[in-house]
Amino acid sequence: MAGNGIANGARAALLAVQVWAVAAGAAHAQGTVPADVPVQRSAQGPAQGPAQGPAPAPAAPPPASSTGPAPAEPVTRAGYFYIGGRYQKLGDKTVMVGQMFVQSRTPARVTQPYPVVMVHGLAQTGVNFLATADGRPGWVQRFVEKGFQVYVVDQVGRGRSGTNPEVYGPYDRLGTRSLERTHTAPEVYDLYPQAKLHTRWPGGPGVQGNVAFDQFFASQVPFLANSQQTEEWVDPALVGLLEKIGPAVLLTHGQAALFGWAASDARPDLVKAHLAVEPSGPPFFDVQFRGGKDFWEKAGDGRARAYGLTRMPLTFAPAVKAPEDLVVVQEAKGVESKGAEGKGAESKGADGHVRCWLQGEPARTLPNLAKVPTVLVTAEASFHATYDACTAAFLTQAGAKPDVIQLADRGLRGNGHMMMLETNSDAVADLLADWLAGRVK
C-alpha cells in the first residue's frame, strides 16, 4: 500500500508539472509569460533568444507534491501563435484571411544553433509530426530531445489555420483509396516497381481496418483545390515566420517543398538548410501510376509546375520573365528489355524510374537556392523512388547541387512516403539530424 501511495504521489507531481508546462506555453501565446531565461546554443551558431521567436523559457515550475518527489525529466515548453493574416470584409462580416497556425516546442536547454520548422504535405496538418498513428512520439519530440527548438505549422486555409471557402475557394480531399495506393499500402496495389518493398506501416498494410491507418485517416482534412493559390497564400506566411523567428532549418514533406523552395529563394539568408523529404515532383509535369511494364504516364499536357519546382516564379539567372523562357526537354527513353520473342522492346519504365524533364542547355541557374544547403530524402518503397532523382538532377543542372539520401543506402529499408509515421520513424529522424550536424554550423 505504501508503494502505491508513493506512485500515486509521483503521478500527481508529474501531472502538476505537465499541466503547468502546457499552461505556460498557452499563456505565452497570449503574451503573459516573461521571456527571461537564457537560451544555450552551440557556439558555432547565433543564439536564438526569446526575442527572435515565441518560445520563452518560463519561470521555475511549482514545487512537487508533498506525497512524492519531483519528476527528473526536464520540462519542455509548448506554445502557439499565428503568423500573417489580415482583415477582410465579406458581405456584412469582417473576417481574417491568410493567417497561419504555428505550434512551438522548446527543450529545457536549446543546444542547437537553429530551430527546425516542420511543414506538412497535401491533405495533412502538423499533427503528422507530433506523434505516430500507432501512438509513439513523433519527429517533434525526437528533435526536441536533441536540443532543437521546433515549430510546426498548418498550411494557410487548412486545419488549425482555419478553412473558409468564401475566401480560399473550392476545397478537395483525399479518399481512403488514394492514400492506400501511394501513402500507406502501396504493396497491395503494386502500381510502380518499388511498391512491393513496402513493409514499414504499423500493423501491416495501411488499409481500412488497420488501427494505425484508421487513426491516420481520421487526421485527414480538406485542402485548397487550387494548387497555385495554395502557394500564393503559404509562401508569404512561411517567409513571415522566418522573419519573426530568425534563421532556421526548413523540414518539408511532399507538397510542402513548394514552399521550401520559395522561402529559400526569397530569403536564403534565413534558411540555413532545407531538408526536403520526398519533395513534390517531378520537375515541370505531374505523373500518374498505372502498374505494369510501362507503369507511369504524364498527367495532362500543361506544366504542373511552371518554374520546374514551383508554380510561383523563382529567381533564375539569366532572368525568367515568363515560364515559356524555360526550355524543357525530356530524357531519352528507358533501357531496352527483351520481349517474349527476343526482340528489343522500348519500355519507358524498364528501370523503375520516370524519364525526367529538365532544362534545355544552356540551363539557367538558381543562384539563391544554390546558397542553401539542401538534402533530398527518399524512401525505398515510396512512389517518390521513381522520380526524386529528377528533382536532384534539375537542381544540380541549375547549380544548386543538393545532397541526396536514399534511406535504403543507410540501412533503413521498406519505408514509404509517410516515413515519419512508420515503425522506424525515430531512426529516420536521427538520420536527418545527423545530416544537419554535418552540414549546418
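Begin by selecting Arg311 and Glu231: in this predicted model, the two residues form a salt bridge, and their closest N and O atoms are 2.9 Å apart. The pair connects distant parts of the chain, 80 residues apart. Arg311 belongs to the loop between strand S12 (296-298) and strand S13 (328-330), whereas Glu231 is found in helix H7 (residues 227-245). Colouring by accessibility shows that Arg311 counts as buried, at 16% relative accessibility. Glu231 also counts as buried, with a value of 0%.

Next, select Arg305 and Asp286. Their side chains meet in a salt bridge, with an N to O distance of 2.9 Å. Arg305 lies in the loop between S12 and S13, and Asp286 in the loop between strand S10 (271-277) and strand S11 (287-289), so this contact ties together parts that are 19 residues apart in sequence.

Then move to Glu297 and Arg290. Here the side chains again meet in a salt bridge, at 2.5 Å from N to O. Glu297 is partly exposed, with a relative accessible area of 24%. Arg290 is likewise partly exposed, with a value of 44%.

Finally, select four residues together: Arg142, Lys146, Asp426 and Asp430. Salt bridges link these residues in a network. To place the stops of this tour in context, how many salt bridges does the structure hold? The total is 13.

Terms used
Residues are numbered from 1 along each chain as its sequence is written. This is a predicted model: local features need pLDDT of at least 70, side-chain atom pairs count only at pLDDT 80 or more; totals for chains, interfaces and linings use all residues. Side-chain values use heavy atoms; hydrogens and water are left out. Helices (H or I, at least four residues) and strands (E, at least two) are DSSP runs, numbered from the N terminus. Buried means under 20% relative accessible area, exposed over 50%, partly exposed in between (1.4 Å probe, protein chains only).
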